[in-house]
Amino acid sequence: MRQRRQEPAVYRTEPLVVPGISGYLPEEARGRRDPFTPIVEKESRVVVPTREVTCYECGKKSRIPVSALSAHCVHCCTHLTLTDYILKPGAKRLTKRTLGEVVLPAQTELSLLTVVSGRMVAAGKATGVKLRVMDVLEMTGNASLEGQVQAGRLKVKKGSRVQVSPGVSVGSAEIKGVLTARLHATGCVHVRDGGALIGDCYTPELRLDPGAVHRGTWYPIKS
Ligand SMILES: [Zn+2]
């Protein structure tokens with residue numbers, strides 16, 4: 001193998017001459033002030049879209065990135081799940097806590113179900129439930145719930161025949177189907193045309209559209 005001939009190192013005696021004295025700015029550059037952009041300001045221009053969530057432990061609100069799948073409450077540090085769940089038949093002693101949606105599908109019968117969720121769609125049957133839905137609880141089909149049921153808003157779908165025993169506590173309710181339950185509401189209960197409420201109703205405001213039915217006693221309470 002042919003070796004490359006190396007150039008012999010050349011020793012230069014001439015000193016390196018610089019045009020100005022090292023460290024000094026040239027005359028025209030002295031006293032110049034460049035506009036200064038702080039790094040913090042540059043970073044704050046990156047805006048991450050956020051949304052507001054309500055903690056299921058302390059009830060306080062936190063802002064989290066829209067794309068987050070889980071988060072921590074900034075007030076009480078509780079881990080907040082944001083995923084949606086579809087409950088499978090045959091599960092026992094199920095506990096689900098999420099700010100997302102929980103679906104109890106039709107033809108599903110569950111017992112000892114504990115759910116804390118943002119929204120819930122109930123179409124199946126469940127006994128021994130402890131349900132706390134912060135926003136909308138939608139009941140459809142032949143849904144039947146037995147136990148403690150709490151919801152921000154209750155919606156009973158048109159054409160459905162649903163029941164909650166012994167009763168349900170809600171913020172407000174809109175009934176388009178047939179609901180058999182003792183209903184406690186802090187806000188308005190609105191029974192639409194073709195809808196029926198069978199059971200006593202404790203609410204400050206009961207609105208019955210023409211064609212709506214209420215079988216039971218209305219106890220007007222203070223809101
Ligand atoms: Zn919290």
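**Strands, burial and core**

Tutor: Strands β10 and β11 pair in the parallel sense over 3 bridges, where strands are DSSP runs of E with at least two residues and helices are runs of H or I with at least four, numbered from the N terminus. This is a predicted model, in which local features need pLDDT of at least 70 and side-chain atom pairs count only at pLDDT 80 or more, while totals for chains, interfaces and linings use all residues. Residues are numbered from 1 along each chain as its sequence is written.

Student: What makes β5 a partner of β7?
Tutor: Strand β5 (residues 85-86) is joined to β7 in the parallel sense over 2 bridges, and Y85 stands opposite V102.

Student: Why is T140 called partly exposed?
Tutor: A residue is buried if 20 or more other C-beta atoms, placed from the backbone, lie within 10 Å of its own, exposed if 12 or fewer, and partly exposed in between. T140 has 19 C-beta neighbours inside 10 Å, and therefore counts as partly exposed. T140 lies in the loop between β11 and β12 (144-156), and its C-alpha atom is separated by 8.4 Å from that of G124, 16 residues apart along the chain.

Student: Which residues does T140 contact, neighbours within four places in sequence left aside?
Tutor: T140 is in contact with V121, A123, K157 and S160, a contact being two C-beta atoms, placed from the backbone, that lie within 7 Å.

Student: Why is K61 called exposed?
Tutor: K61 has 12 C-beta neighbours inside 10 Å, so K61 counts as exposed. K61 lies in strand β2 (residues 61-65) and, leaving aside neighbours within four places in sequence, is in contact with E52, V53 and T54.

Student: Which residues of β10 point one way and which the other?
Tutor: From β10 (residues 119-122), R119 and V121 point one way while M120 and A122 point the other, and all are buried. In β7, by comparison, V102 and L104 form a covered face, whereas E101 and V103 form an uncovered one.

Student: What makes a set of residues a nonpolar core?
Tutor: The set must consist of buried Ala, Val, Leu, Ile, Met, Phe, Trp, Tyr and Cys residues joined through C-beta atoms within 7 Å. The largest such core here has 40 residues, and those with the most contacts inside it are A122, L145, V168 and L183. Strand β11 (residues 125-139) gives the largest share of this core, 7 residues. Not counting residues up to four places away in sequence, A122 touches L104, L137, M139, A143 and L145. In soluble globular proteins, nonpolar side chains tend to be buried together.

Student: How many of the protein's residues are buried?
Tutor: Buried residues make up 26% of the 223 residues, in a protein with 1 helix and 20 strands.

Terms used: Pairing = 2+ DSSP bridges.
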